[in-house]
Amino acid sequence: MSVKTTKSALIEQGRWLTVQDCKRVLVVAHTVTFAQRLREAFCLLEADLRIQVVFTAPPHAFGEGVAQYLESLGIATVPWEEAQRAEFDLALAAGSRGVHELRAPVVRISHGAGHIKLLTDTTSLKPGEKRSPGMLSRQHLLHEGRVGPAAIVYAHERDLKELAHSCPEALPVAHVVGDPCVDRIVAGMSRREQYRRALGLEPGQRLVIVTSTWGPTSTFGRLDALLPQLLSQLPGRRYRVALLLHPNVFAGHGAWQVRSWLAGCRGRGIAVVPPEADWQAPLIAADWIIGDHGSLTAYGTLTDATMLLTPGPRREISAYSPAALLATLAPVLSPAYPLDEQLRYAAEQQLPGQYKQVASLLSSAPGQFHRRMRAVIYRLLKLGEPACAPVVSPLPLPPPLEQWEAADAGVAQR
């Protein structure tokens, strides 16, 4: 039989596919960050022969690296233009761009630790209208005055209270399912020593994790102030340092450029965790977390690490977010004092349970994300759920920090 089509068999369907009559779910991965969060959802469909999952990577300002990340998971993508024209039973997306054009009911999935950053584009706001975070805003949830998604999933009951003010039309399709990162970090805390050994930490060594979101007010945006302290003020044998940068930093500037800027770290014991890596295990292993207003810093409150913050933008952060509360509780790093002294002081002053309230804002359904998320998906697919609990694999052991240390900028680090 000759093949008379150049389209993917997943688009053509019909006689080209071996397994027939499947429900079709489209995963829309705009960025690496979105793809990582969506992975927690589409993996819930594993081993179900009734469902065919299709992946696409639409154009996006921070779309660099998405196809490579999916390929590392053994996933091939179909072109966005073909995905727009095909029909699906359901689509999963963490971003809003272009999803209203799909021929499928869409599930919008929140990402990050709460809803931190307020809308930057205020052109569509009415006079006096307050800015809301993206996933709570009318701009992201409505299309031509109507609610776009068939379901919107949030991490916390407090999100619904905010939604009632910012976009009440979306309340009927809103669901609270929890946060998969919260669940994985809490479950992984019992393996902390295993992660530390896998990272290559020797007895007596302490791990400092530096976290950064993206944008000019992020830690990386001000790295020229912090990097000299990391390079010159931490004794090499006592401390190991790892940079956890938001994937948008790499996607925006290019991986080569980011590693080129960090070339001064080469051979200095400072690891740069690649954007596609699982970041939860290094976070769990940390003794100190130096972070900004990004999600990873907030997730750090679930660990045993001592917290320090870099100065951040108060006016750009949602006042009800975990990041805003953390900014009122955690000590702030200063360039006026030696870094190791500040680390020791913060460790001595941190009280047990100091960030418990922050951690409680991350999820109001701890340990339940995968069960609740699967229920939403199968209900919209009009399928009965598998007669077993969702299988959630434990966090993998990370590679040694040496593997992530900044080497030649022209060589990709994995």
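The side chains of Arg184 and Glu40 form a salt bridge, with an N to O distance of 2.7 Å. Arg184 sits in helix H7 (residues 180-188) and Glu40 in helix H2, so the pair ties together parts that are 144 residues apart in sequence. This is a predicted model.

Arg184 is buried, at 17% relative accessible area. Glu40 is buried too, at 10%. Helix H2 (residues 32-42) is mostly covered, with 10 of its 11 residues buried. Among them are Phe34, Arg37, Leu38 and Phe42.

## Other salt bridges

The whole structure holds 12 salt bridges. One of them joins the side chains of Glu385 and Arg374 at 2.8 Å, N to O. Glu385 lies in the loop between helix H17 (369-381) and helix H18 (401-404), while Arg374 is in helix H17, 11 residues apart. Arg374 is buried, with a relative accessible area of 6%, whereas Glu385 is partly exposed, with 37%.

Glu193 and Arg192 also meet through their side chains, at 3.6 Å, N to O. Arg192 is buried at 14% relative accessible area. Glu193 is partly exposed at 45%.

## The network around Asp287

Salt bridges link Arg192, Glu193, Arg196 and Asp287 in a network. Asp287 is found in the loop between H12 and strand S13 (288-291). Its relative accessible area is 15%, so Asp287 counts as buried.

The side chain of Asp287 makes a polar contact with the side chain of Arg196 at 2.9 Å. The Asp287 side chain also reaches backbone: the nitrogen of Leu207 is at 2.7 Å. Leaving out residues up to four places away in sequence, Asp287 touches Arg192, Arg196, Gln205, Arg206, Leu207, Ala305 and Thr306.

## Nonpolar cores

The largest nonpolar core has 38 residues. Ile209, Trp279, Leu283, Tyr299 and Leu401 touch the most other members. Helix H12 (residues 280-285) supplies the largest share of this core, 4 residues. Another core, of 33 residues, lies apart from it, with Val27, Val53, Leu92 and Ile377 among its members.

What does Leu401 contact, leaving aside its neighbours within four places in sequence? The partners are Leu199, Leu201, Leu207, Arg240, Ala242 and Ala271.

Terms used. Residues are numbered from 1 along each chain as its sequence is written. This is a predicted model: local features need pLDDT of at least 70, side-chain atom pairs count only at pLDDT 80 or more; totals for chains, interfaces and linings use all residues. Side-chain values use heavy atoms; hydrogens and water are left out. A nonpolar core is a set of buried Ala, Val, Leu, Ile, Met, Phe, Trp, Tyr and Cys residues joined through side-chain atoms within 4.5 Å. Buried means under 20% relative accessible area, exposed over 50%, partly exposed in between (1.4 Å probe, protein chains only). Helices (H or I, at least four residues) and strands (E, at least two) are DSSP runs, numbered from the N terminus. Contact means heavy atoms within 4.5 Å. A polar contact is a pair of N or O atoms within 3.5 Å; within protein, one must be able to donate a hydrogen and the other to accept it, and residues adjacent in sequence count only if both atoms are side-chain atoms. A salt bridge is a side-chain nitrogen of Lys or Arg within 4 Å of a carboxyl oxygen of Asp or Glu.
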